[in-house]
Amino acid sequence: MGTFQEYIQQNEDRDGVRLSWNVWPSSRLEATRLVVNLACLYTPLKEKPDLPAITYDPVMCTRGNCKAILNPLCQVDYRGKLWLCNFCFQRNPFPPQYAGISELNQPAELHPQFSTIEYTLTRSQTLPPIFLLVVDTCIDEDELMTLKESLQMSLSLLPPNALIGLITYGKMVQVHELGCDGIAKSYVFRGTKDFSAKQVQDMLGLGKGGGAAGGGNVTPGQMGQPGMPGMPGQPGPGMPPGSVGPMGGPMGARGPGGQSVLPPSRFLQPVHKCDMYLTDLLGELQRDPWPVSQGKRPLRSTGSALSIAVGLLECTFPNTGARVMLFAGGACSQGPGMVLNDDLKQPIRSHHDIDKDNAKFMKKATKHYEALASRACTNGHAIDIYACALDQTGLLEMKSCCNTTGGHLVMGDSFGSSLFKQTFQRVFAKDARNEYKMAFNALMEVKTSRELKVCGTIGPCISMNVKGPNVSETELGIGGTSQWKFCALGTNTTPAIFFEVVNQHGAPIPQGGRGHIQFITQYQHSSGQKRVRVTTIARNWADAAANLSHITAGFDQEAAAVLMARLAAFRADSDEGPDVLRWLDRMLIRLCQKFGVYSKDDPNSFVIGENFSLYPQFMFHLRRSQFLQVFNNSPDETTFYRHMLNREDLTQALIMVQPILYSYSFHGPPEPVLLDTSSIQPDRILLMDTFFQIVIYHGETIAQWRTQGYQNAPEYENFKQLLQAPIDDAQDILQSRFPMPRYIDTEHGGSQARFLLSKVNPSQTHNNMFTYGGGDGGAPVLTDDVSLQVFMEHLKKLAVSSTA
Amino acid sequence: MNPNDQYFQQQQPGYGAPALGQNYGGMLAPPTRTPVMQNQPQQFPPSNGPNSMNPYGQPSPRPPMAQYGHSPLPPQATNPHQLAQQMGGMNLGDNSLKSPVPSMYPPMNGNVSPAPGSFPPRHPMASNLQASPMPPQPITPGMAPPRPGLMPPMQQQMGLASPQQYQNGPGMDNMGPPVNGQQFASPRPPMGAGFPASQPSGFPGHPPMPFQQQPPVQQQPQQQQGGYDSMGSRYPSSPSYPPGMSGPIPGPNSQPMPSQQQARRLDPDQMPSAIQVMEDDKRSRSGPFATNQKGLVPPLVTTPFVTQDQGNSGPRFVRSSMYSVPALPDMMKQTAVPFGLVISPFAQLEEGEQPPPVVDMGELGPVRCGRCKAYMCPFMQFIDGGRRFQCPFCKATSEVPAEYFQHLDHTGMRMDKYQRPELCLGSYEFVGTKDYCRNNVFPKPPAYIFVLDVSYNNVKSGLVHLLCQNIKSILQGLPRESINGQKSRVGFITYSKEVHFYNIKSSLAQPQMMVVGDVEDMFMPLLDGFLCDPVESENIIDQLMVQIPAMFADSRETETILGPAIKAGLEALKAAECVGKLLVFHSSLPIAEAPGRLKSRDERKLLGTEKEKTVLSPQTTFYNQLGQECAGFGCRIDLFVANNAFVDLATIGQVARLTGGQVYKYTYFQADLDGERLVEDVRRNVEQTVAFDSIMRVRTSTGVRPVDFYGHFFMSNTTDVETAGIDSDQAMTIEIKHDDKLTDEDGVYIQVAVLFTSPGGQRRLRIHNLALSVCNQMADLYRSCDLDTVMNLLMKQSVTKLTESTPKQIRDVLINRSAQILACYRKNCASPSSPGQLILPECMKLLPLYINCLLNCDALSGGSDMSIDDRTFNMFAVQTMHVGASLAYLYPRLVPLLESSTPAAAEDSPLMLPSPVRCTVDKLRDDGVYCLDNGIHMFLWIGLSVSPEWIHGVFNTNSAAQIDIDRTKLLELDNARSQEVRCVINQLRSTRQRHMRLTLVRPRDKLEFVFRKFLVEDKHGDASSSYVDFLCHLHKEIRNLLN
């Protein structure tokens, strides 16, 4: 099978899983000594063009609290038409339709290459996706114009059967009724109040019985769900609250066969029916007319508007995939969720204010948005925030709306920027099969072998609070449950899942025993179908005492770095910055102590395995990253960065932790170079990808050539090509990434060069005199930060220190 | 003045003039007087002088007023009366006046005489009732004879005295035999004539108008001289009466109380007749009425007259219950005559009357007294060469601002007196400066907001549809006055369970509707576009008016709100920063969960009981608070209630009451039947000049002060009457307390100042000034009363008390007070006479009639036969009535449209209204058709024997029995009869504030019961008494008091 490297890659490609350890320590004690947790990054909706279309229901283990799904790792008795659950070892007969099963005639789910497989539940109702636009009108005329254009354009990108609604807000919140003739009708709410779902429902005249207030267990799960596996830990066959029941329909109207068409409400109409009307409506949309006096901010009722949006969906379409798309041009300045008041004299809170406990609106606002997020989650509704403003817009307070619902968070300067426009378009991107890359109202469940328990998840989801037997008492991230809800899932969305080995030291696992993990993700596909994706993985157990080398070999430093980054960012949300850094350092030192080879107290003797070698460097950059350093970032930016770190897949997350630097020069083909000041050379063009920014940096000489216009001279065609090469590469990245990165074209000495200089390892600074002004070129960075070299030396010293 | 005066003086030293007709005399056309007056020119030299013609004023034809002068009394008070009497007398004598009298009275007499037994003519009564001048007593022999037959009866009846007593004459105390009604109807003229002779110069006072007046004209002359005496004298004693009547109350005879039976025997025609009084007044006082004197008693409200403003406000604006105020509070107390003013600051004027001119003083603003802040008016005295002026209200002197300085002429008048309205007119307006504006900002033109209930009831009844259809034409009636280019704007709100606002900006392609469901906390969802110029936004409004009925056509909402809808309108005005009014079209009890939610409490059986006040007062204070809030912002609310069940008007009507609004009610509204009425009411409501955001203050000279205020308004302190909007139909009644001695030479000065915003958005002040004279003699007081105003005041007072006291208490108070008024007169002003006589002051001879009407009117005593809402509606309606309306409300107008005797009249001119007849079933003839209206209801009573041609012509059926009485409109048939009838009805309607629904009634129809209730002289049901009965009862009370 080749190297572990290949194995890891192969597994990732097949299952979308990256584990920090690919050979598992067989006892709890040993596991804790590994320093880096046993954890994985799992991409539930990883694009897999080769997945077969399976339209029957999955076969489940019949044990009430197991209900694992038949998978290639199960032992099958073809003669007895039985299969053995690899999680609980229950012997299960095959259902009647599997009567023809044999070694030669296996269903797809038993093929080893289909350890990840997807079922489409045809018998459940199809639900059109729902998009509820919430538009801030307290923005400049031209901002509004361009936003309106984007929105109008998006109508053509939406699935025609999707339901769409519009809420606008400023000082007031207006819910627009769609499809009325002869008169434009809207319901207006005061922006200063918080409304319960019941109130919203009453005030919108949405009849009685539509969804309980606050969205409790709206869906009685008892409907004979065709084939949907009940979840372990769920008493009876009932669906977990808020799961994607076919009964998501409003008003409790449901037929025995599941109703296939939801009655659209007056506020949410199919796009194909109301796009003309909506286009006109958007066209006529005016700025918030209420006067703003000198020295004041406009009154902006973001908090109320969101609350009403959530309330509206709650009572019309509970438990149905829906997105609330908030387009905010500023911070909420009144009513619930206000993050500042309307007095321009008082600027929005900074990190400094927060540290000093000086952000008087923050706590209350955060609470408001958290409550909203949890209401939205309960009903499977995601909230996207598109915030475009030069100043902060209160993302810090609103983050839970996106973070727990799986909604997008996009931060830009202007609705007129291509950053926003293209990002927004990309929301509606389609994959190769011409299907939207979004899924709704997903529920992910994790099943494990008995030796494992689940500690928690870090990702854009919320706990379903299902305390199965495999739920650990130790919580890491969002814990205490074996099920999580992702109200919106993208093909990239990658939660980190943390496990705990619970096998006791004295209870050895039989040789050759393997541990299993099964991920079951049910979701509403953008086509409205209900689908279940099942991924089952297995890894070998190894006795760390005896075979540490096996375990060491199975270490995935990239996954580990990302997992650590997530944990650190997660901690940073609640803990003080320095504490997190200390913790990170300690973990790194312990890892080095554990896996390094050295003689005590001799730093120079320190050697560490190849598959650990990059890890310290990742940690170095992580420590310096915007995820843990708030200096120079606003709280909103910090929020945004951490948000992205928590949801992107391994590759992207790694780029965020340690940006990639490519060099373009006449000396050879483009090549990746060290993220180091030494890479900054006058005759190079550098392309740095930090995920959030794409920076093209022209070295001093190149920049001079460029200003002198050599690229325009036919004889310097090659120079022109050189200039063009990084731009083309950047375009490739820009095209594919969500959200679109900020594109920066700069040069030596340019003000924007700071983006590069702040990221590179400051190996040359004004401090290390011996290279200053001389050496092999490169650009010294004016900083007091330690360089990687210094960092490594300290690390070695501490790792080998017997007192550490 | 007149020879008569002298005559009086000699004859009747003690008391005022003869009873009858004195007043009326005053009404006579000036020319007649003039010759008379010359005697004592001086009293008012300045004012009267020929100069007195103001620029504005109409030159008064009259010669100097001086005439009055001679009367010893302050001219104002006494003169008129005296004059009146005298004149009356004169005229009669001259025959010049005869005609009127005769026509009226003759019948009376005729009747009387024939039935002496039953009712002595009213003379006695009348005289007593009114001004019973003493003189009367001495009946001239000559007179006596004729009258005795007639007159005596009255008194006797009244008194119930035994016949003997009557006969006995004055000396006897019969306690009054039941006076009931007998004598009342005294035609004044005759009386008047008589009296002068008897009266001493002191008061030519009004002789009491004994009922005797009735005597045929011819007699009158005779009476006049001796007449008074006779009149005064107890008419009495016609033997005939006594028998039946009197249960001599106290009398020696001590007969049993007049039983009803007896009363019945009285001839109602002998009772003082309202119709007669009005006719007389109309005859004698029609024409110009110049206000150049203080204390001038104006013509009755029913009389067509043209005010010539010569220094005092015309009676259309301000009417006082008395024009001669007793100098001493004691006297006031003794007489018990209420002293009050009825103020209609924006009353509609008659043709020929000049609207108050607008004075723009520029930056200076109105000139005011430095101390009491009274506004410059004709009563201000300039002194110190014109550098200072003295305020008649507080007596302080103030500097004349330099810009306003003007030299005085040799008479002490400013040279520019006749160039400045504020120096020579009673009514005028000032343009307000910024200081007079809310927040010191000039106002925008007021806005009109239609607030329409679109719940099931209103949709089903067709109201929504109807209103939307007609809104365009209604809006055309909006005042288009514009001061600075801004025009009045309109806005629309609909509501059922939530509130809908509409954006009707002219730039929109289609109207926008904004729904606010947050009824707990109403707010204004849009900034501009809600209020728009109806002309600019015409197209959008048209679209909207198509959309509204369509959108709500299927409404099934029966739970409605009201408070939040009104709040919404208020918020809209606040947002627009302008004042205005809401026209709220509401249908049902607001039971939806929202502020102002009410519970049903339709306990109509409580009406008329001691507990009725609980259902007549608001069940919550919510609407009061809302009303106050609206009033505070200048938002007037007019409620149009189209209910078909209990809506608790007593509670929700508070918003209209406190903001100066009107309440309209259309029970069981159906668009096809009541549509026209509603639309006409709305149209009128919108078109009427309304003064918005007004504050009224009444300033009086020392000694008297306003204490109680009645009407629709809000008072945040004890002096300022605030209304968000007041229209030309509304009046406020003010009771004035007399708490200090007054002096003759000063008189009583009253200045009513109303600060308001005109429909065009101009801040202005309207000032009305009125001077009353002061008297030292009670007789003068009785002579200068305005009974209609007194009744207006009493009615409003009583209705207001309904929510505090029990109905019985209120009735007792009214009866006692009227008894006291009359008893006091009898005791102090009438010459000694048999107590058995009922002697009425001339000015008040209708008091018993009106009091009885008041006791029986819907507002005061509507019992369980009407709903609580209807009762409340009546109470609200009454509160804003001006004198004319209250009079009609108390004593409905019954007009014969077809009587066998009238065909000739019809030919004259179709536009002439037939003369009304007394409101009694006796006047209805089976072959006649009558139209009755009281300002609220209108009936067409069709006798069963009406000629088939007529029926066919008007109703297109063959007989009265086939008429479809559910119809509320007359067919528009193309024939003379139909046209004529419709024309008359339209004309009748045009004189009222509300468009009255026409109810067709035939004898013995179910509805006839209702109709009969309005025949106020008759008895209905157990609780009420007929006019005659009541008169008897009152007489008894009076006699009790006298003893």
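A: A quick word on terms: helices (H or I, at least four residues) and strands (E, at least two) are DSSP runs, numbered from the N terminus. Keep in mind that this is a predicted model.

Let's zoom in on Ser115(A). You'll find Ser115(A) in the loop between β6 (91-93) and β7 (116-121) of chain A. Is Ser115(A) buried or exposed? Ser115(A) counts as buried because its relative accessibility is 6%, and the cut-off for buried is under 20%. As for partners, the side chain of Ser115(A) makes a polar contact with the side chain of Arg14(A), at 3.0 Å. Setting aside neighbours within four places in sequence, Ser115(A) is in contact with Arg14(A), Asp15(A) and Pro72(A), and also with Val534(A), Thr535(A) and Thr536(A).

Helix α15 (residues 635-645) is mostly covered, with 10 of its 11 residues buried. Among them are Pro635(A), Phe640(A), Tyr641(A) and Leu645(A). The buried residues of α15(A) pack against several elements of chain A, including α7 (351-355), α12 (557-574) and β28 (693-698).

Over in chain B, have a look at Ser978(B), which belongs to helix α36 (residues 976-990). Ser978(B) counts as buried because its relative accessibility is 1%. Beyond its neighbours within four places in sequence, Ser978(B) is in contact with Gly953(B), Val954(B), Leu971(B), Glu972(B) and Leu973(B). Arg989(B) is 11 residues away along the chain, and the C-alpha atoms of Ser978(B) and Arg989(B) are separated by 16 Å.

Definitions and conventions. Residues numbered from 1 in each chain as written. Chains lettered and ligands numbered in written order. Predicted model: local features only at pLDDT ≥ 70, side-chain atom pairs only at ≥ 80, totals over all residues. Heavy atoms only, no water. Buried < 20%, exposed > 50% of the residue type's maximum accessible area, 1.4 Å probe, protein only. Polar contact = N/O pair within 3.5 Å; in protein donor to acceptor, adjacent residues only side chain to side chain. Contact = heavy atoms within 4.5 Å.
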